[in-house]
Amino acid sequence: MFDKIKSIIADQLGLDASEITMESSFVDDLGADSLDIVELIMALEEEFEIEFPDEDAEKVSTVGDVVTYIKAHTEE
């Protein structure tokens, strides 16, 4: 699952997937701004057929946060 999420993040932010780790901060390490994060959340929602409520989306700051959230909200 991490590899799929990492691939989506790399595509959305125009990064090499090898730069992305579970500890990567979207803002500090990956250079994402608020619009990038909104677009990324939308792409993840579509890929995993889940919904990130705004209050949950505001709490995710690292790649690991997203992986944990998606694992908790999917059947995979």
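**Pocket and helix packing**

Guide: The lining of the largest pocket has, by class, 7 nonpolar, 1 polar and 3 charged residues, where Ala, Val, Leu, Ile, Met, Phe, Trp, Tyr, Cys and Pro count as nonpolar, Asp, Glu, Lys and Arg as charged, and the others, Gly among them, as polar. This is a predicted model: local features need pLDDT of at least 70 and side-chain atom pairs pLDDT 80 or more, while totals for chains, interfaces and linings use all residues. Residues are numbered from 1 along each chain as its sequence is written, and side-chain values use heavy atoms, without hydrogens and water.

Visitor: Which residues line the largest pocket?
Guide: The lining is Ser-34, Ile-37, Val-38, Ile-41, Met-42, Glu-45, Phe-52, Asp-54, Ala-57, Glu-58 and Val-60. A pocket here is an open set of points on a 1 Å grid over the protein atoms alone, where a 1.4 Å probe fits, with protein on both sides within 12 Å along at least five of seven lines; lining residues have an atom within 4 Å of a point.

Visitor: What share of that lining comes from H2?
Guide: The largest share, 6 residues. Helices are DSSP runs of H or I with at least four residues, numbered from the N terminus; H2 (34–48) and H3 (54–57) each supply at least two lining residues.

Visitor: Why is H1 called oblique to H4?
Guide: The axes of H1 (residues 2–13) and H4 (residues 63–72) come within 10 Å and cross at roughly 125 degrees. Angles under 35 degrees count as roughly parallel, over 145 as roughly antiparallel, 65 to 115 as roughly perpendicular and the rest as oblique, so H1 is oblique to H4.

Visitor: What makes H1 oblique to H2?
Guide: H1 and H2 pack at about 140 degrees, with axes 10 Å apart, and therefore H1 is oblique to H2 as well.

Visitor: Which residues of H1 and H4 meet?
Guide: Phe-2, Ile-5 and Ile-9 in H1 meet Val-63, Val-66, Val-67 and Ile-70 in H4, contact meaning heavy atoms within 4.5 Å. That contact has 7 nonpolar, no polar and no charged residues.

Terms used. Axes fitted to C-alpha atoms, helices over the stretch in contact; angles between N-to-C directions.
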